[in-house]
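Reader: Can you walk me through this one? I'd like to go contact by contact, then look at the wider picture.

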Amino acid sequence: MELFFGLVTGVLFGFLLQRGQVLRYDKQLGALRLKDMTIVKFMLSHIMVAMVGLYLLNDLGLVKLSIKSTVLGANILGGLIFGLGWGLVGYCPGTSVGAVGEGRFDALWGIAGMLVGAAVFARAYDGLLGTVYTWGDYGKITLPSLLGISHWLVIVVLLAAFAGILRLLERKGL
Amino acid sequence: MPTQSKGWSPYLAGALSGLVSIGSVLIAGKYLGASTTFVRGAGMAERLYAPDVVTTLAYYIKEKPVFDWQFLFVCGIAAGAYLAARLYGDFKVQLVPDTWSARFGPSPWRRAAAAFVGGVIAMFGARLADGCPSGHGLSGMSQLAVSGYLAGAGFFIGGIVMARLLYRGK
C-alpha cells in the first residue's frame with residue numbers, strides 16, 4: 001500500500017512538474033543565470049502552500065513533522081557541492097527522471113552520473129562521519145525553535161518575504 | 001494538439017504540488033524527497049556484481065537497496081511527466097538542450113560528459129547535505145527546518161557559481 005501511495009504521489013507530482021515547465025535544462029540554468037525564475041516561482045509557491053497546510057495539520061495533531069538534522073558542515077558544504085554539480089548537469093534528482101519522461105534524454109546521462117555519485121558517497125561515508133558530520137551539529141532544529149517564537153509568526157513573515165520576492169521577479173520580468 | 005504547449009503558470013503548478021505534498025503527508029505520512037532513491041538504486045546495481053559491498057558498507061546498510069515509498073515516488077515522477085507531456089503534445093526527444101547547444105555546440109557527447117560529471121558531483125553533495133531540492137528545498141523549507149534553508153541557499157549559491165563559470169559573459 002505504501003508503494004502504491006508513492007507511485008500515485010509521484011505521478012501527480014511529475015504531472016505538475018511537467019505542466020510547470022520546470023523539467024527543462026533551459027529553465028534550471030535560466031534560474032541559475034538569474035534570467036528566468038520559473039523554477040523559483042514553482043518552488044516558492046509550493047513552499048507557501050505546504051508550510052501553512054502542514055503546520056495547520058500538525059497543530060491539529062493530524063500529521064507529524066519530519067525534520068532533518070542541522071549539521072552546518074554537512075548542510076553547507078554538501079549544499080554547495082550539490083549546487084556546483086547541478087549547474088553542470090542542469091537537472092536535480094527529482095527533475096532528472098521527470099525530464100526523461102518528457103523526452104529530454106540527456107538527463108539519462110545525469111541519472112547515470114547520480115547513481116555513480118551515490119556509490120562514491122557510500123565509500124566516503126565512514127570517513128565523513130568523524131569529520132564533516134561533527135562540524136556544527138545542532139540536531140533537528142527549526143526556525144521557530146531557534147528563534148524561540150511561534151511558528152505562525154515565522155510563517156507569516158516568510159509568506160510576506162516570499163510574496164515580496166515573487167512580486168519583484170514579476171516586476172523585473174524574470 | 002499543439003506541438004509545444006505553453007504549460008501552466010508556475011504559480012498554479014507549484015501551489016497544486018504543495019497540495020499534493022500536504023495530501024501525501026496526511027494520507028501516507030510521507031514527505032517528498034528524491035535523492036535517497038539514488039543510493040538504493042546504486043546499491044541494487046552493485047549487488048548484481050558485488051553482493052559483499054552492499055552488506056558491508058555502512059551507508060548501504062543505512063539506506064538499504066529495497067523498493068520503498070520514495071523509490072516508487074521517483075518512478076512515478078517519470079510516468080506523470082510522460083503522461084502530461086503526451087496529453088499536451090509536449091513530448092519531444094531531445095539529446096542536447098537549446099541553451100547548452102547555443103553555448104557549447106550540438107555535440108551530444110560533450111553534453112553527455114557534462115551531464116554525467118555534473119550528476120556525480122550533484123549526488124555526492126546531495127547525500128552529504130542529506131537531501132536535494134525536493135527533500136531539503138521543498139519538504140525541509142515547508143517545515144521551517146534550519147537544515148532546509150541552509151542547504152537550499154547552498155544549492156543556489158553553488159549553482160549560480162557554476163552557471164557563471166560556464167556562461168561567462170553570455
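Author: One term before we start: contact here means heavy atoms within 4.5 Å. Also, this is a predicted model.

Reader: Fine. Leaving out residues up to four places away in sequence, what does A:Ile155 touch?

Author: A:Ile155 touches A:Met51, A:Val52, A:Tyr55 and B:Leu144.

Reader: Which helix is A:Ile155 in?

Author: A:Ile155 sits in helix H8 of chain A, residues 151-171.

Reader: Is A:Ile155 buried or exposed?

Author: Buried, because its relative accessibility is 0%, and the cut-off for buried is under 20%.

Reader: Switching to the chain contact. How many residues does each chain put in?

Author: Chain A gives 116 residues and chain B gives 117 residues. About 10100 Å² is buried between the two chains, with 74% of that area from carbon and sulfur atoms.

Reader: Which three residues of chain A supply more of its buried area than any other three?

Author: A:Arg19, A:Lys68 and A:Leu88, which supply 8% of the area chain A buries against chain B.

Reader: What about H1(A), how many residues has it and how far does it reach?

Author: H1(A) has 18 residues and spans 26 Å from first C-alpha to last, close to the 26 Å expected at 1.5 Å a residue. After H1(A) comes A:Gln21, with a positive phi near 60°.

Reader: Which residues of H1(A) are buried?

Author: Among them are A:Gly6, A:Thr9, A:Phe13, A:Leu17 and A:Arg19.

Reader: Which residues are closest to the centre of the largest cavity?

Author: Of the 14 lining residues, A:Leu17, A:Met43, A:Cys92, A:Thr95 and B:Pro133 are closest to its centre. The elements giving two or more residues to the lining are H1 (2-19), H3 (38-59) and H5 (93-101) of chain A, and H8 (133-142) of chain B.

Reader: How does the lining of the largest cavity split by class?

Author: It has 10 nonpolar residues, four polar and no charged ones.

Note on methods
Residues numbered from 1 in each chain as written. Chains lettered and ligands numbered in written order. Predicted model: local features only at pLDDT ≥ 70, side-chain atom pairs only at ≥ 80, totals over all residues. Heavy atoms only, no water. 1 Å grid on protein atoms, 1.4 Å probe; cavity = no way out; pocket = protein on both sides within 12 Å on 5 of 7 lines; lining within 4 Å. Helix = DSSP H or I, 4+ residues; strand = E, 2+ residues; numbered from the N terminus. Nonpolar A, V, L, I, M, F, W, Y, C, P; charged D, E, K, R; others polar. Buried < 20%, exposed > 50% of the residue type's maximum accessible area, 1.4 Å probe, protein only. Expected span 1.5 Å × (residues − 1). Buried area = accessible area lost by both parts, 1.4 Å probe.
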